[in-house]
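Visitor: I'm new to reading protein structures. Could you walk me through a few features, one at a time?

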Protein chains: 2
Amino acid sequence: MRAIEIDPAGRMRLADHPVPRPAPGEARVKVELAGICSTDLELRAGYMGFSGIPGHEFVGCVEEAPDSPDLVGRTVVGEINAGCGRCDDCRRGDSRHCTDRTVLGIAGRDGAFAEQLTLPVGCLHPVPGAVPPERAVFAEPAAAAFQILEQVEVEDRRILVMGCGKLGSLCARVLRRKGAQVTVLVRRSESGALLARDGIPVVLNADRGFDQVVEATGHPDGFPRALELVRPRGTIILKSTCASGRPLNLAPVVVDEVTVVGSRCGPFRPALDAFARGDLKPEEMIGGRFPLADFEAAFAAAGNPADPARRKVVLIPGP
Amino acid sequence: MRAIEIDPAGRMRLADHPVPRPAPGEARVKVELAGICSTDLELRAGYMGFSGIPGHEFVGCVEEAPDSPDLVGRTVVGEINAGCGRCDDCRRGDSRHCTDRTVLGIAGRDGAFAEQLTLPVGCLHPVPGAVPPERAVFAEPAAAAFQILEQVEVEDRRILVMGCGKLGSLCARVLRRKGAQVTVLVRRSESGALLARDGIPVVLNADRGFDQVVEATGHPDGFPRALELVRPRGTIILKSTCASGRPLNLAPVVVDEVTVVGSRCGPFRPALDAFARGDLKPEEMIGGRFPLADFEAAFAAAGNPADPARRKVVLIPGP
């Protein structure tokens, strides 16, 4: 099969790759669409030392599942953390924090920028029939937005979402639907056009005093700015992983008794339910579709700082 | 009266100062003992730009309280945040986060390194009769330890307290008494002698995996180390305000979904109750007693890095 391979320095190439064979408990999935995410851009920048096939946002069709024949032929999306199955975390059902986990296309496991991938069947979620593939491919980032609801109470809270990339936009919509008073802070007003169209306040500046601030800028300046905008005893939900190595003064966290909640992957089920109901239609954020062979153009489009809407770019691996 | 004055550069001198007159709603307190705290050392280092009379840990006797005559003659300790009384925070009873608050000996209000001080009567707490002054003078840091119980569940949790200065020691004792499994991480084993004597495990090294880590080292390395020691989805309770300006990588907060809870001042009532029951006897940490005139020697003793036990130094303002 054809796949994109990356080396630890971030060099990418299109290559012929053996079709992966499912290990016991795994299924093989034919990838229909795969999304390019900021993490993939970081892999490409050589930040994470991954070698193999990147890609972790996908929708596809199960072609082989020796232990779960009912899955064959189903359209699925997949959780990206494959736990060891034996540790305390895994036994509690939380493979997302298993220290021996592999992570699809990110750590120790080939990913979705390929015609086929394998994952444990426990990671797979059948996509409800009414959900088109271009919506389903957002299941992983949408689940990450729903994770916030697992961690903090948001109803009636005044929440500022910083950043309106794909994740920030999904967070804003998920939080608002749950009853939060959401405002989205952007750098350029064009970026928030889709949110503004749907009645979500989009602002270029904000004053201090939000109950919660969701930091989803993907920028190292995001966290210090969030500290300036949250109220005393408020909560910052930290989504960006790139706030690395910058000098940072944590004294305001103590003085203002701010709570900082790290928030990563989340539950797929509520995301798929919201897709099925039509509450979330993130496919409108798709800004480019490329075959695998055009991965250079796809990555250039995904990482284009001149795209104010920071739209989602998807790869179409199939022939 | 005599008082220690400090200027924004941290220069201190003993001076004659007018006896403060209580504003409406305030009381005047004759200071019996005043503790020197790390914050005072930071004031002296010129970090906080305060000018006036420093000192915020005290026990004393009410000499004048025009609006609350019952208080006169009572031995009291005092909360250090004096709110505006009008804002939402103050009306909720939380003057600790009032944006217009003054803070005794720290911001906008003269403090306890003086023969007399004034505070709103709402900040004062009568000391139960059985509590000696040398114990009562620890009410403010003990309240800060009890604040953790207001913020997180600690019963049966595996908790690492980093640092066994006065605050770390108080936190360890308060958490253990609440049913936590407490271990204290120290740099030198002598530092934890009092804790070890009372059966609290004191260690020089620790492995990752604690449910909660209380960062009370007062050192900028404390927070990054806490991130290495807390388990995924665990909680760091941040007490040190000095973690300033260091390059810091917050990505592990997100990847491991760690919660960071800033924790500052706390409730005096449970601290005084614990003092009255004899559950907490922090007076054993007092390592030096100095008259105001010997403030240079007192500050030298309080900041002495060669004192492995980092004992509490108290000033005795009275003649």
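This is a predicted model: local features need pLDDT of at least 70, side-chain atom pairs count only at pLDDT 80 or more; totals for chains, interfaces and linings use all residues.

Visitor: Which residues is Cys61(B) in contact with, leaving aside its neighbours within four places in sequence?

Guide: Cys61(B) is in contact with Arg28(B), Val29(B), Lys30(B), Gly73(B), Arg74(B) and Thr75(B). You'll find Cys61(B) in strand β4 (residues 57-64) of chain B.

Visitor: And how do I compare distance in sequence with distance in space?

Guide: Pick two residues and look at both numbers. Cys61(B) and Pro22(B) are 39 residues apart in sequence and 14 Å apart in space, C-alpha to C-alpha. For another pair, take Arg208(A) and Leu71(A): 137 residues apart in sequence and 50 Å apart in space, again C-alpha to C-alpha.

Visitor: How do I read whether a residue is buried or exposed?

Guide: Look at the relative accessible area: under 20% is buried, over 50% is exposed, and partly exposed is in between. Cys61(B) has 26%, so it is partly exposed. Arg208(A) is partly exposed too, because its value is 41%. Thr235(A), at 14% relative accessibility, counts as buried.

Visitor: Where do Arg208(A) and Thr235(A) lie?

Guide: Arg208(A) lies in the loop between β13 (202-203) and β14 (210-215) of chain A. Thr235(A) is in strand β15 (residues 230-238) of chain A.

Visitor: What does each of them touch, Arg208(A) and Thr235(A)?

Guide: Again we skip residues up to four places away in sequence. Arg208(A) touches Glu228(A), Leu229(A), Val230(A), Pro232(A) and Asp256(A). For Thr235(A), the contacts are Val152(A), Asp211(A), Gln212(A), Val213(A), Val230(A), Thr259(A) and Val261(A).

Visitor: Now helices. At what angle do the axes of α4 and α5 of chain A cross?

Guide: To read helix packing, look at the distance between the axes and the angle. Helix α4 (residues 139-151) and helix α5 (residues 166-177) of chain A have axes that come within 9 Å and cross at roughly 45°. That is why α4(A) and α5(A) are called oblique to each other. The crossing of α4(A) with α5(A) is right-handed.

Visitor: Which residues make that contact?

Guide: From α4(A) come Pro141(A), Ala142(A), Ala144(A), Ala145(A), Phe146(A), Ile148(A) and Leu149(A), and from α5(A) come Leu167(A), Leu170(A), Cys171(A), Val174(A) and Leu175(A). Sorted by type, the contact of α4(A) with α5(A) has twelve nonpolar residues, no polar and no charged.

Visitor: How does α4(A) pack with helix α9 (residues 268-277) of chain A?

Guide: The angle between α4(A) and α9(A) is about 110°, and their axes are 8 Å apart. So α4(A) is roughly perpendicular to α9(A). α4(A) passes α9(A) in a right-handed crossing. On the α4(A) side, Ala139(A), Glu140(A), Ala142(A), Ala143(A) and Phe146(A) meet Phe268(A), Pro270(A), Ala271(A), Leu272(A), Ala274(A) and Phe275(A) of α9(A). The residues of this contact divide into ten nonpolar, no polar and one charged.

Visitor: How many aromatic pairs does the structure hold over all chains?

Guide: There are two aromatic pairs over all chains. In one of them, the ring centres of Phe113(A) and Phe299(A) are 6.1 Å apart and the planes are at 90°, so the pair is edge-to-face. Phe113(A) sits in the loop between β8 (108-109) and β9 (116-120) of chain A and Phe299(A) in helix α10 (residues 295-302) of chain A, so the pair ties together parts that are 186 residues apart in sequence. Phe113(A) and Phe299(A) are both buried.

Visitor: What about Phe113(B) and Phe299(B)?

Guide: Phe113(B) and Phe299(B) form an edge-to-face aromatic pair, 6.1 Å centre to centre with 90° between the planes. Phe113(B) is buried at 0% relative accessible area, and Phe299(B) is buried at 4%.

Visitor: One last thing: what is the phi of Arg233(B) and of Glu257(B)?

Guide: Arg233(B) has a positive phi of about 65° although it is not a glycine. Glu257(B), also a residue other than glycine, has a positive phi near 45°. Arg233(B) lies in strand β15 (residues 230-238) of chain B, while Glu257(B) is in the loop between α8 (251-255) and β17 (259-262) of chain B. At 33% relative accessibility Arg233(B) counts as partly exposed, and Glu257(B) is buried at 3%.

Terms used. Residues are numbered from 1 along each chain as its sequence is written. Chains are lettered from A and ligands numbered from 1 in the order in which they are written. Side-chain values use heavy atoms; hydrogens and water are left out. Axes are lines fitted to C-alpha atoms, for helices over the stretch in contact, and angles run from 0 to 180 degrees between N-to-C directions. Helices (H or I, at least four residues) and strands (E, at least two) are DSSP runs, numbered from the N terminus. Angles under 35 degrees count as roughly parallel, over 145 as roughly antiparallel, 65 to 115 as roughly perpendicular and the rest as oblique. A crossing is left-handed if the near helix is turned anticlockwise from the far one by less than a right angle, and right-handed if clockwise. Contact means heavy atoms within 4.5 Å. Ala, Val, Leu, Ile, Met, Phe, Trp, Tyr, Cys and Pro count as nonpolar, Asp, Glu, Lys and Arg as charged, and the others, Gly among them, as polar. Rings of Phe, Tyr and Trp (its six-membered ring) pair if their centres lie within 6.5 Å; planes under 30 degrees apart count as stacked, over 60 as edge-to-face and the rest as tilted. Buried means under 20% relative accessible area, exposed over 50%, partly exposed in between (1.4 Å probe, protein chains only).
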